[in-house]
Amino acid sequence: MKLSVALLVSVLSTADADGRSAAARLEKLRRRLSLQEIAGYKPGSSVTDHCALDLDQAAIEKALSAKTPESYAAAEKIYNEGGHSKSYANIELVNGLTSSVKKGDALTGKNSAGNDVSGKFASDYDDGIKSIKVYYTTTDVQEDWVGCRVGALPEPYTEGCFADEGDLIIGGNPHAYTVPPNNKADRTIAGFSTGAADKMRLNCKGCPYDDFSQFYNYYGQDDYADEWISSAFAGTSTSFTNGNADFSKVGYDGKEQAIKKGTAYLSIFMYVIREFEDAIDDCDLNAIDNNYDAVHAMDEGVCFYTGSIEGTDGKSDDGKLLHQLADKRCANFKTCGEKGGMTSGMAKINHELFDEFALAKFQFESRECGLAKDTVKRIITKMYVPMIQGTLRYAYKMDKLQGGEVENAEGATFAAAVLPKVHAVSPDAARIIYENMRLNAGRTDFKAVKGAFESTYEGMGVKCEDVGGLWFDALDKYYEGMEPCDNVAISAQSADSAGSEKSLAAAVFCITLALMVGL
């Protein structure tokens, strides 16, 4: 309630700053306060269309599960073309526009049953233009966010699509079209990766973003996530600088895991981070509208972290994105519950993240940009924990529980989602993890993987209690060798390691100097 009161005070104090009345601004606030929660998070903007992206993930997973050439082709098409998020229609008018229009201007038409369908122009258009792109109107109700969902979906929903022919009412005037609209989706999981260079390294206010830079430096590619996923679909090898994967010897079972985890934990994962970084870019100390752009970017990030399937309380077991991953891994590592130590319920990491999400949103609304930046940094650090847990779990399965192709692919993909972060702290630790977790690794040593991770926790900002230990529920104890680590012990180990590296460097320098003097 404190956040809402603070927001109300802010709205009233700036009511006339942009020429709008207090009543108009309060109406906008009323709408914002009535928006549906996202797993307990109260958004400050309409983001139902963004949250729906997890339905593309669900459709991809459903297609992959059939494990046929046709179903994989369908899954790849959904990955590249989407269907549930940012729906639009390409329409060819018979006579062209009778007057110019602006991006965002409204228009209406009819569906096949004669019911109203509304949309808005995707761009500015001059009069006389015949080819137009129209985004379908979205609602604030997640269950019915948009009435036209087509794209590459095997089972499209067309009740809210424009009819195959008819009139569009634009500026009060009818504009006929006789060719069926081409209904597509502008937001795709593939696009999160293929557009990464522009949005995360080259052309953003805060570019290059730190975490993306680590992934770019490690893999040597901006579109590393798409490279991983597309190579898995094609059954070929990636062409990274580090961390390559050869899918040529992997069957449907392994590819299924590499693809569906790659879409969620490589492509979407980094885009969540991008949205939080973009919120910082958008934060304006002099904003008069409660930093709407920053809040909207924050809301988008929470949507892509959570998805729509989690519902308003985040208690669904069917989620497809990062929120669900954290809840699954907490059951394996006894890190569920608000304080951890439990094997069921919401992950401790999720409890902490959603507190941080709410805090960051409030800080953006309050124009506390510096504080928000610190909060976002904590958020991003915590997001890596389930990736570490996933890698550790499958390292143990491969080493001690006779894991096969499926477990190998799962472990390799989890590792791919965190190796660049490890590499930024210790290239040697990253090499150990990669050699043990890569696709078709001859042997996996879970102790080596665990030790390599723990040697970088301090540098990554990760705590032992966040990761926990691999829990053996049947015997009510941790698997031997997979107990939680100790922060003090690994801090000392890190110091010893750093000292050893410095000593080695000094020794090399002295030897080199002696040789030079001798010469």
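So, a disulfide here is a pair of cysteine sulfur atoms within 2.5 Å. Keep that in mind, because this is a predicted model, where local features need pLDDT of at least 70, side-chain atom pairs count only at pLDDT 80 or more, and totals for chains, interfaces and linings use all residues. Residues are numbered from 1 along each chain as its sequence is written, and side-chain values use heavy atoms, with hydrogens and water left out.

Okay, the cysteines. The structure has 6 disulfides. If you number the bonded cysteines of the protein chain in sequence order, they pair up as 1-7, 2-3, 4-5, 6-10, 8-9 and 11-12.

Let me take you through some of them. One joins Cys148 to Cys161, with 2.0 Å from S to S. The link of Cys148 and Cys161 is right-handed, with 90° about the S-S bond. It ties together distant parts of the chain, 13 residues apart, although Cys148 and Cys161 both sit in the loop between strand 4 (131-136) and strand 5 (166-170). Cys148 and Cys161 are both buried; buried is under 20% relative accessible area, exposed is over 50%, and partly exposed is in between, using a 1.4 Å probe and protein chains only.

Next, Cys204 and Cys207, whose sulfur atoms are 1.7 Å apart. Which hand does this one have? The torsion about the S-S bond of Cys204 and Cys207 is about 105°, so it's right-handed. Both of these cysteines are buried too.

Now for a left-handed one: Cys283 and Cys369, with -80° about the S-S bond. Their sulfur atoms are 2.1 Å apart. This pair links distant parts of the chain, 86 residues apart, with Cys283 in the loop between helix 10 (252-282) and helix 11 (292-306), and Cys369 in helix 14 (residues 369-383). And burial? Cys283 has 9% relative accessibility, so it counts as buried. Cys369 is buried as well, at 15% relative accessible area.

Back to strand 4 for a minute. How many of its residues are buried? 5 of 6, so to speak, mostly covered. On pairing, two strands pair if DSSP finds at least two bridges between them. Strand 1 (residues 87-92) runs antiparallel to strand 4, joined by 5 bridges, and Asn90 stands opposite Lys133 of strand 4. Strand 3 (residues 116-121) is also antiparallel to strand 4, with 3 bridges. There, Gly119 has Tyr136 in strand 4 as its bridge partner.

Technical notes: Helices (H or I, at least four residues) and strands (E, at least two) are DSSP runs, numbered from the N terminus.
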